[in-house]
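Open the model in your viewer and keep the selection panel at hand. The tour goes stop by stop: what to select, then what is there.

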Amino acid sequence: MNRVLIIGAGGVGRVVLNKCAQHPEIFEDVVFASRTVSKCEKIVSEIKSFPKPITTEQVDADDVDQLVRLFEKYQPKLVINVALPYQDLTIMEACLKTGVNYLDTANYEHPDIPKFCYAPQWAMHERFKEAGLTALLGCGFDPGMTNIYVAYARKNLFDRIDTVDIIDCNAGDHGYPFATNFNPEINIREVTAKGRYYQQGEWIETEPMEVMRVFDFPEGIGAKDMYLLYHEEMESLTKHFPEIKRMRFWMTFGQSYLMHLRALQNVGMTSVEPILYQGQEIIPLQFLKAVLPDPASLGPRTVGKTCIGIWVDGVKNEQRQFTYIYNICDHQESYRETGAQAVSYTTGVPAALGAKMLMTGQWSGHGVFNVEEFDPDPFMKEIGSWGLPWVVAYPEKAFE
Ligand code: NDP
């Protein structure tokens, strides 16, 4: 039985569930679990197309014993983890204890330390290998699709890649002065951290939002300010493509977002250090999350598009070549199809197709892998029809 278990009933979980439900020939049976089971039930009630009832379950994914009981009860072939990065290790541990394959979209982060890296998950490679299981890490859009774009470019378009710039633009407008398009805690931890990029084997650190460029995005999106950030896919891509001499990550932010973020930072609201408030310990960033709009509620009001891609500078047939591979995704179209805006959509669709690759054996191997370690071709062949078509453009100049 090709049963899949999805954990996390947020915006991304909603999209993964919708996409699995569109493909009952692959996902024969689906279980949907989260900390708050009513959220699972609500999302499931909106799925009309799946031929079998979708089971919902309550689980605290911080608790390995609870996860083990859940996995033993359903014996899924694969667990898709779209809860939070804090749960990666407990879910992987439960997979090892019960003989289940694993997929996620974000690398592990400790709730009290705003720093993420692949080390603790890569350290489980031998254990997954010995157990004859696969763990596929970072199969969202970035990380995920962007890694697969790099692998595809290296395999099919270039003889050598010298530099990669990953460019993430959300040109959507939700009408709020300040809100985040995915989990606010994870998002704010990411953008308030120092910037970092890779050059000639070294990591060069910048102050948060110190380096800015204006980029003219295609298909009517136009010129936007974007800022250099550290992003997790650079860690695995520089490991798996050591020929790459420089890699940077850029994300667009509007002036209103930045102005609010600066003010929140200045007053200490983005801190993860606990403070005492009326005799109770609270974490300012978690409190801020509670007062900000729920990203899942942004779907109906967000208009505009996302444009995420990679700009590659390298060599093909002894000629220098520039290539820009990108996807454009429309917030309202994503919402009409799945009830979630494009940031959740662009994450959930690659996760569901990655799950298909594992379920069908098109991607296989025992151990812990990043997506770029598998053949990009079957994935690229299908991702357009799953909802994320891609464009390959050949700009005439280098990315400055
Ligand atoms: P949300 O916050 O909307 O949803 C997360 C869900 O996980 C919530 O429903 C929450 O349940 C559930 N959850 C949290 N803690 C637990 C727990 N201990 N046990 C069980 N369930 C739990 O986040 P998103 O849907 O926006 O993001 C999901 C994941 O996708 C995150 O890891 C995020 O980092 C990643 N992501 C990856 C991207 C990529 O391109 N690679 C881009 C965007 C996101 P409850 O509501 O009941 O508390």
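Start with helix 8. The buried residues of helix 8 have a cover that includes strand 6, strand 7 (113-116), strand 13 (222-229), strand 14 (246-252), helix 10 (255-266) and helix 11 (284-291). Select residues 184-192: 9 of the 9 residues in helix 8 are buried, where buried means under 20% relative accessible area, exposed over 50%, and partly exposed in between (1.4 Å probe, protein chains only). Among them are Pro184, Ile186, Arg189 and Val191. Helices (H or I, at least four residues) and strands (E, at least two) are DSSP runs numbered from the N terminus. Contact here means heavy atoms within 4.5 Å.

A word on the model before moving on. It is predicted, so local features need pLDDT of at least 70 and side-chain atom pairs count only at pLDDT 80 or more, while totals for chains, interfaces and linings use all residues. Residues are numbered from 1 along each chain as its sequence is written, and side-chain values use heavy atoms, with hydrogens and water left out.

Two strands pair if DSSP finds at least two bridges between them.

Strand 2 (residues 29-34) pairs with strand 3 in the parallel sense over 4 bridges. Pick Val31: its bridge partner in strand 3 is Thr55.

Now select residues 342-360. Axes are lines fitted to C-alpha atoms, for helices over the stretch in contact, and angles run from 0 to 180 degrees between N-to-C directions.

Helix 1 and helix 13 pack at about 45 degrees, with axes 8 Å apart. The two are therefore oblique to each other; angles under 35 degrees count as roughly parallel, over 145 as roughly antiparallel, 65 to 115 as roughly perpendicular and the rest as oblique. Their crossing is right-handed. A crossing is right-handed if the near helix is turned clockwise from the far one by less than a right angle, and left-handed if anticlockwise. On the helix 1 side, colour Gly11, Val12, Val15, Val16 and Lys19. On the helix 13 side, the contact residues include Tyr345, Thr347, Val349 and Ala351. By class, this contact has 7 nonpolar, 4 polar and 1 charged residues. Ala, Val, Leu, Ile, Met, Phe, Trp, Tyr, Cys and Pro count as nonpolar, Asp, Glu, Lys and Arg as charged, and the others, Gly among them, as polar.

Helix 13 and helix 14 pack at about 130 degrees, with axes 11 Å apart. That makes helix 13 oblique to helix 14. This crossing is right-handed. Val349, Pro350, Leu353, Gly354, Lys356 and Met357 of helix 13 meet Pro378, Phe379, Glu382 and Ile383 of helix 14. The tally is 7 nonpolar, 1 polar and 2 charged residues.

**Two buried threonines**

Which residues does Thr105 contact? Thr105 is buried, at 15% relative accessible area. Beyond four places in sequence, its contacts include Asn81, Cys139, Pro143, Glu232, Thr347 and Ala351.

Then go to Thr163, in strand 9 (residues 160-170). Thr163 counts as buried at 15% relative accessibility. It touches Ile244, Arg246, Trp311, Val312 and Asp313, not counting residues up to four places away in sequence.

**Backbone stops**

Most residues other than glycine have a negative phi, and most peptide bonds are trans. Select Asp142 and Pro143: the peptide bond between them is cis, with omega near 10 degrees. Pro143 lies in the loop between strand 8 and helix 7 (145-157).

Move to Gln75, in the loop between helix 3 (64-74) and strand 4. Gln75 is not a glycine, yet has a positive phi of about 45 degrees. Gln75 is exposed, at 62% relative accessible area.

Finish at Glu318, in the loop between strand 17 (305-316) and strand 18 (319-330). Glu318 has a positive phi of about 65 degrees and is exposed, with a relative accessible area of 76%.
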